[in-house]
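This report describes how parts of one protein chain are arranged. Please keep the sequence and the structure in view while reading.

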Amino acid sequence: MEDPVYVEPAQLAIGMFVILDLSWLEHPFSFNSFLIQGEDQLATLRGLGLHRVRIDPLRSQVVSPTQADQPATGLPLARDAEPEAVVLDEKALRSERNRVLRSSIANAEKQAMKAGRVVRETTRKLLEEPAKATAMVSDLVTGIADSLLGNSQMMVHLLGDKGVGDASYHHSLNVAVLALILGKAMEVDADTLRAIGVAAIFHDLGMADVPPGVRLKSGALTHAEEALMREHCEVGARMALRCGLPEVVAAAILQHHERLDGSGYPYHLSGGQIGQVARVVAIVNHYDHLCNPPHAAAVVTPYEALSTMFARNRNWFDAAMLARLVRVLGVYPPGSIVQLSSGATGMVVSVNSTRPLQPMLMVYDARIPKAEALILDLEQTPGISITKALRAGALPPAVHEYLSPRKRVAYYFGEDTRAD
């Protein structure tokens, strides 16, 4: 292993890759190692009061020898009061950003738990008190839709495990939230958006008639069991009409497993034969099944789910909707585990569709307590980017425990506090 290379603070230059031998609390940067991008970083580095700074020549860009070797032309900035104030201000700003984002996610979790209780209650009451149950769902969906339409800039948040609520109703709520977000992105009218939300909540209504031994079977289904499972679309559509739900909702329940290439069920519909509401529900339903399969062995990361749908299954779905889903959730959806250009590992926790390559991530750093983990906003750190997605199962145990990839991936939304 080569000996480390050090330079004096005055010899630092743009293009050098620095490695700070400090704890995270002793400097204002997002990472301990990074490429110097500008004069502001140079000033801050020189203001840390270090006698020397370690650099990595192999990861540095071409630097003029005169820049690296010339002696200091002035006093080190560390001896001035102003740079120290800058350091403190930057660290305070970063802490405030972390606090605001954590608060937004906590609020999203509260809203998701509240919505989950409504989904659970209405599903149980639908057959006995259909009018009351459908009114409750209509109110819930209208509230979510109005909130979505009222926010021009929106963050999609990954929920903590406590935000998931009862697992048996998790899928319906997650599909509904994603369907409404996608519907908004497709710029459908308000009535269609509400129909999308109601259809998404009740899309698996017919599953109530499928025996638990079949619905929860861990092994492969027999042909008879597969046929029984597929009946839930027709059963659910009939139940929806019987309970007074709109025909457009019943049609979406009937068609939510149809595919545009005609390979779906129950009627092998294709193209324009499949309604718009059903197309929206179908695409997010499939995505959620990939992220949250009945059996843990089949689970994939959100990044893998979107990649699979786009690369292998694009003929199943409306192309414009699939592209918009990628836009809404980002190339690396919340819950994705990624490696950064700095070499650090993080988990995407929030994304804004207007900045699909600049999500917010929780970053692994063994020196920072997990409860205070750094939330990195890539929009605010232009020198750092995502280089690749990682499989959660391939993470070292310490990193896996720190990031705690969700056993079930759930989403909710909130206003983007970064919006102008």
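In helix α6, the residues Thr-192, Ala-195, Ile-196, Ala-199 and Ala-200 meet Gln-276, Val-277, Val-280 and Val-281 of helix α11. Contact here means heavy atoms within 4.5 Å. The residues of this contact between α6 and α11 divide into seven nonpolar, two polar and no charged. In this count, Ala, Val, Leu, Ile, Met, Phe, Trp, Tyr, Cys and Pro are nonpolar, Asp, Glu, Lys and Arg are charged, and the others, Gly among them, are polar. Helices (H or I, at least four residues) and strands (E, at least two) are DSSP runs, numbered from the N terminus.

The model is predicted: local features need pLDDT of at least 70, side-chain atom pairs count only at pLDDT 80 or more, and totals for chains, interfaces and linings use all residues. Residues are numbered from 1 along each chain as its sequence is written, and side-chain values use heavy atoms, with hydrogens and water left out.

**Helix pairs**

Two packed helices are described by the angle between their axes and the distance between the axes. Axes are lines fitted to C-alpha atoms, for helices over the stretch in contact, and angles run from 0 to 180 degrees between N-to-C directions. The table gives the values for two pairs.

| Helix pair | Angle | Axis distance |
|---|---|---|
| α6 (residues 190–201) and α11 | roughly 50° | within 9 Å |
| α9 (residues 232–242) and α10 (residues 247–255) | about 165° | 7 Å |

The angle between α6 and α11 makes α6 oblique to α11, whereas α9 is roughly antiparallel to α10. Angles under 35 degrees count as roughly parallel, over 145 as roughly antiparallel, 65 to 115 as roughly perpendicular and the rest as oblique. The crossing of α6 and α11 is right-handed, and α9 also passes α10 in a right-handed crossing. A crossing is right-handed if the near helix is turned clockwise from the far one by less than a right angle, and left-handed if anticlockwise.

In the second pair, Cys-233, Glu-234, Gly-236, Ala-237, Ala-240 and Leu-241 of α9 meet Glu-247, Ala-250, Ile-253 and Leu-254 of α10. The residues of this contact divide into seven nonpolar, one polar and two charged.

**A covered helix**

Helix α12 (residues 302–311) has the buried residues Pro-302, Glu-304, Ala-305, Leu-306 and Met-309. Buried means under 20% relative accessible area, exposed over 50%, and partly exposed in between (1.4 Å probe, protein chains only). Among the elements that cover the buried residues of α12 are α11 (276–291), α13 (319–329) and β11 (411–415).

**A sheet of four strands**

Four strands form an open sheet in the order β1-β4-β2-β3, with antiparallel pairing. Its edge strands are β1 (5–7) and β3 (33–35), each of which pairs on one side only. Two strands pair if DSSP finds at least two bridges between them. Three bridges join β1 to the antiparallel strand β4 (residues 53–55), and Val-5 stands opposite Ile-55 in β4.

**Backbone exceptions**

Most residues other than glycine have a negative phi, and most peptide bonds are trans. The peptide bond from Tyr-265 to Pro-266 is cis, with omega near 15°. Pro-266 is placed in the loop between α10 and α11, and His-268, too, lies in the loop between α10 and α11. Phi of His-268 is positive, near 55°. Glu-187 has a positive phi of about 60°; its place is in the loop between α5 (167–185) and α6. Glu-187 is exposed, with a relative accessible area of 70%.
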